[in-house]
Amino acid sequence: MIEFDQVHKAYEVEGRAIPALQPTDLAIQNGEIFGIVGHSGAGKSTLIRLINLLERPSGGRIVIDGEDVTGYGSDNLRAFRRQVGMIFQHFNLLWSKTVEDNIAFPMKLAGIYSKEEIRARVKELLERVGLTHHARKYPSQLSGGQKQRVGIARALACRPTILLCDEATSALDPQTTQSVLRLLADINRELGLTIVLITHEMDVVRRVCDRVAVMDAGEVVEMGPVTDVFLHP
Ligand code: ADP
Ligand code: ADP
């Protein structure tokens, strides 16, 4: 479970504190697909970047599976980051590396996997995302949907328990969005992964999310099952 206990965040800019997230309580259950919606500037990215400690909270506690991670130093952080995969709107792939090398990259970086483990895992992930025949290509030779599949495979490489998706389908056409969402739902079901996804597309939320938080001006203004939040009169 991902728990926020009165977590808040202000960015320090030229000595001034810019508030981005008001004190927030959250409990995201293991295995659920949790959506975060809201206008630009509402605090969605800040919230998701707090979950993997890319940003540090200004106050409050972040507890993952019962463990307080708020004060994690660099040693704990390395292991913790392997537990949390992330995918991005613009994929953030390495353009000079092949598909298979992009997927292998986080495992190599981790320094705890043998060559054989990496090779076997990459093969398995290529199959899972349907890119086996594109393993030796470069990202520039792929469609947007295929690039995001590489992003997903890379995010899964170190067997995370949490997958964070930051506008992961926003750069894709509706048909490609559908197939990427289907893949995410399969991964959620088959691997039992917790998925937290930011989107400005209501259709994405309705299609895959179990629960949703609506954010506005740094606050969670509504939270609940998708059917309750979006279908009431
Ligand atoms: P969203 O993802 O919903 O668009 P953000 O979390 O990116 O919202 O931003 C929330 C607020 O925090 C905005 O006012 C934004 O300008 C500000 N903000 C975000 N990141 C930074 C940063 N690195 N430095 C200063 N202000 C930031
Ligand atoms: P889209 O998201 O519309 O499919 P691309 O995947 O082509 O667009 O690009 C996503 C991001 O990666 C953009 O910011 C783009 O500038 C950058 N990018 C694309 N191709 C390359 C490349 N060969 N080398 C470096 N950066 C690239």
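Predicted model: local features only at pLDDT ≥ 70, side-chain atom pairs only at ≥ 80, totals over all residues.
## The site of ligand 1

Ligand 1 is surrounded by Tyr11, Val13, Ala20, His39, Ser40, Gly41, Ala42, Gly43, Lys44, Ser45 and Thr46. By type, this shell divides into 4 nonpolar, 6 polar and 1 charged residue. Strand E1 (2–13) and helix H1 (44–51) each supply at least two residues of the shell. The element that gives the most is H1, with 3 residues.

Several polar atoms of the protein face oxygen atoms of the ligand. In glycine 43, a backbone N or O atom lies 3.0 Å from an oxygen atom of ligand 1. In serine 45, a side-chain N or O atom is 2.7 Å from an oxygen atom of ligand 1. For threonine 46, a polar side-chain atom lies 2.5 Å from an oxygen atom of ligand 1. On its own, ligand 1 has 560 Å² of accessible area, and the protein covers 62% of it.

## The site of ligand 2

The residues around ligand 2 are His90, Phe91, Trp95, Lys147 and Ala171. They divide into 3 nonpolar, 1 polar and 1 charged.

Polar side-chain atoms of this shell also approach the ligand. Histidine 90 places a polar side-chain atom 3.2 Å from an oxygen atom of ligand 2, and lysine 147 has a side-chain N or O atom 2.7 Å from an oxygen atom of ligand 2. With tryptophan 95, the ligand atom is a nitrogen, 3.4 Å from an N or O atom in the side chain. Ligand 2 taken alone exposes 550 Å², of which the protein buries 42%.

## Helix H5

Lysine 147, named above among the residues around ligand 2, is one of the buried residues of H5. Helix H5 comprises residues 144–156, 13 residues in number. From its first C-alpha to its last it reaches 19 Å, close to the 18 Å expected at 1.5 Å a residue.

Of the 13 residues of H5, 11 are buried, so the helix is largely enclosed by the rest of the structure. The buried residues include Val150, Ile152 and Leu156. Their cover includes E6, H3, helix H4 (115–128), strand E7 (162–166) and helix H6 (174–191).

## Lysine 97

Lysine 97 lies in the loop between strand E6 (84–88) and helix H3 (99–110). Its relative accessible area is 29%, so lysine 97 is partly exposed. Apart from neighbours within four places in sequence, lysine 97 is in contact with Asn102, Phe105, Tyr138 and Pro139. Threonine 194 is 97 residues away from lysine 97 along the chain, and their C-alpha atoms are separated by 29 Å.

Terms used. Residues numbered from 1 in each chain as written. Chains lettered and ligands numbered in written order. Heavy atoms only, no water. Near = heavy atom within 4 Å. Polar contact = N/O pair within 3.5 Å; in protein donor to acceptor, adjacent residues only side chain to side chain. Areas by Shrake-Rupley, 256 points an atom, 1.4 Å probe, with all protein chains shown as cover. Nonpolar A, V, L, I, M, F, W, Y, C, P; charged D, E, K, R; others polar. Helix = DSSP H or I, 4+ residues; strand = E, 2+ residues; numbered from the N terminus. Buried < 20%, exposed > 50% of the residue type's maximum accessible area, 1.4 Å probe, protein only. Contact = heavy atoms within 4.5 Å. Expected span 1.5 Å × (residues − 1).
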